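I opened this notebook to keep track of what I looked up in a structure that was new to me. The entries follow the order in which I went through the topics.

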Amino acid sequence: MRYPIRRLGIAVAVGTLLLAGCSSSEDAGTSGAPPELEQATAVGDGEGELNLVAWAGYAENGSNDPAVDWVTPFEQETGCKVNVKIGNTSDEMVQLMRTGQYDGVSASGDATLRLIYAGDVAPVNTELTPNYATVVPFLKDKPWNSVDGQMYGVPHGWGANLLMYNADTVTPPPDSWGAVFPGAPEFKGKVTAYDSPIYIADAALYLSKTKPELGIKDPYSLTAEQLDAATELLKQQKENIGEYWSDYTKEVQAFESGTTVIGTSWQVIANTIEADGKVKIGTVLPKEGSTGWSDTWMLAAKAAHPNCMYKWMDYIISPEANAQVAEYFGEAPSQTKSCALTSDKAHCATYHADDADYAAQIHYWTTPQTKCVDGSGDNCTSYDEWVNKWQEIKG
């Protein structure tokens, strides 16, 4: 089917976006401020092309499934031909953006500050994206998508990292991350965890509740001592890990085959397993809270097609488009008006899309840096240090 064309609400102006400044290749990790880059004051005519780095499923044009296409209506509306490079990991997305070949990226919180502080992305004037006004408030002006009140993109969608388990094998149903931290010896070799340095935050969150003497206030703002404590906990957990996952289809296969019975997961994975009906699973947002992700569409500092990117940022958070992508990908939409437009009327309830209390239990991925992201000081550890610790954990 062809989705209806949406009329963009951006006022057209003559000329191009005003963007200035230079880009650095340095990762976030200093205590300084992001490079000073001007934000746009108006959006002009589209340049005819748009080059994106995106997660798979975020910019569908019907080539994978003719019934799944929100890119074609955008192209017809704006004249901006969309070219998409799939990013498989946040690290890969950061590197792709630093080639200078792309206009924008759907960055997760473990990449956003790296891009901001390196000057790879520009501040965004949200007044030029009218649909931003009705994005859920709890995704705006957050540590992972803004600096000092300046937004560096528009929120796309979000979700929690849940504890999932085989309901026939894991009894009674767990309600704490203690089921996998420091480990689950009774399920040795059948525990799974997310394969990324950002997973260290999951251990830090658990320690913040179970070992208050460590003084962890924010799982992404860790001193060297706190990082060491989280590292040690993850080394203990590794003794019971069967496999780490980053491709969610691999976790589906592991649970359905029985090689995995408990571990961190996403709601979309649970939905897929439940739909297949091969194994009975349960999910819980544990009592300690959870980490999670909120993706942000960001504009390259030296975008060759900045007008098309501004048009895309407004379009992808429009009620119609945001409903389509959230339902297809398996996440909560950022747009408050999208819930009325999903084909599955239970979608937003399943993903807690407008549940601020649920969202408040989530500590969204944020790139660690030496300038503590919680504002507590300049003595925190950088993402590079987390990468080194993760390599140490996995051996």
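**Entry on the disulfide that I opened with.** I began with the torsion about the S-S bond of Cys372 and Cys380, which is about 100°, so this disulfide is right-handed. The sulfur atoms of Cys372 and Cys380 are 2.1 Å apart, and I counted a disulfide as a pair of cysteine sulfur atoms within 2.5 Å. Both Cys372 and Cys380 are buried, where buried stands for under 20% relative accessible area, exposed for over 50% and partly exposed for what lies in between, with a 1.4 Å probe and protein chains only.

**Entry on the source.** I noted that this is a predicted model, in which local features need pLDDT of at least 70 and side-chain atom pairs count only at pLDDT 80 or more, while totals for chains, interfaces and linings use all residues. Residues are numbered from 1 along each chain as its sequence is written, and side-chain values use heavy atoms, with hydrogens and water left out.

**Entry on the other disulfides.** How many disulfides does a search of the whole structure find? It finds three, and with bonded cysteines counted along the chain they follow the pattern 1-2, 3-4, 5-6. One of them joins Cys80 to Cys308, S to S 2.0 Å, and the torsion about its S-S bond is about -85°, so this disulfide is left-handed. I then looked up where its two ends lie: Cys80 is in the loop between α1 (71-78) and β4 (81-86) and Cys308 is in helix α8 (residues 306-316), so the pair ties together parts that are 228 residues apart in sequence. Cys80 has 0% relative accessibility and counts as buried, and Cys308 is buried with a relative accessible area of 0%. Cys339 and Cys348 form a disulfide with their sulfur atoms 2.1 Å apart; the torsion about that S-S bond is about -95°, so it is left-handed, and both of these cysteines are buried.

**Entry on two packed helices.** Two packed helices are described by the angle between their axes and the distance between the axes. Helix α4 (residues 200-210) and helix α5 (residues 224-238) pack at an angle of about 105°, with their axes 9 Å apart; the axes are lines fitted to C-alpha atoms, for helices over the stretch in contact, and angles run from 0 to 180 degrees between N-to-C directions. The helices α4 and α5 are therefore roughly perpendicular to each other, a term that covers 65 to 115 degrees, whereas angles under 35 count as roughly parallel, over 145 as roughly antiparallel and the rest as oblique. Which residues of α4 meet α5? They are Ile200, Ala203, Ala204, Tyr206 and Leu207, and they meet Leu227, Ala229, Ala230, Leu233 and Leu234 in α5, with contact taken as heavy atoms within 4.5 Å. The residues of this contact divide into 10 nonpolar, no polar and no charged, where nonpolar covers Ala, Val, Leu, Ile, Met, Phe, Trp, Tyr, Cys and Pro, charged covers Asp, Glu, Lys and Arg, and polar covers the others, Gly among them.

**Entry on a sheet.** Five strands form an open sheet in the order β11-β10-β12-β9-β13, with mixed pairing, and two strands pair if DSSP finds at least two bridges between them. At the edges stand β11 (241-245) and β13 (281-284), each with a single partner strand, so one side of each is left without a neighbour in the sheet. Neighbouring strands of this sheet are turned by 25° against each other on average, direction ignored. Helix α7 (residues 267-276) packs on the sheet and touches β9, β11, β12 and β13, and its direction makes about 160° with that of β13.

**Entry on backbone exceptions.** Most residues other than glycine have a negative phi, and most peptide bonds are trans. Asp148, not a glycine, has a positive phi of about 50°, and Asp148 is exposed, with a relative accessible area of 74%. His352 has a positive phi of about 55° and is partly exposed, at a relative accessible area of 27%. The peptide bond from Thr171 to Pro172 is cis, with omega near -5°, and a cis peptide bond joins Phe181 and Pro182, with omega about 0°. Pro172 lies in the loop between β9 (162-166) and β10 (191-194), and Pro182 is found in the loop between β9 and β10.

Key: Helices (H or I, at least four residues) and strands (E, at least two) are DSSP runs, numbered from the N terminus.
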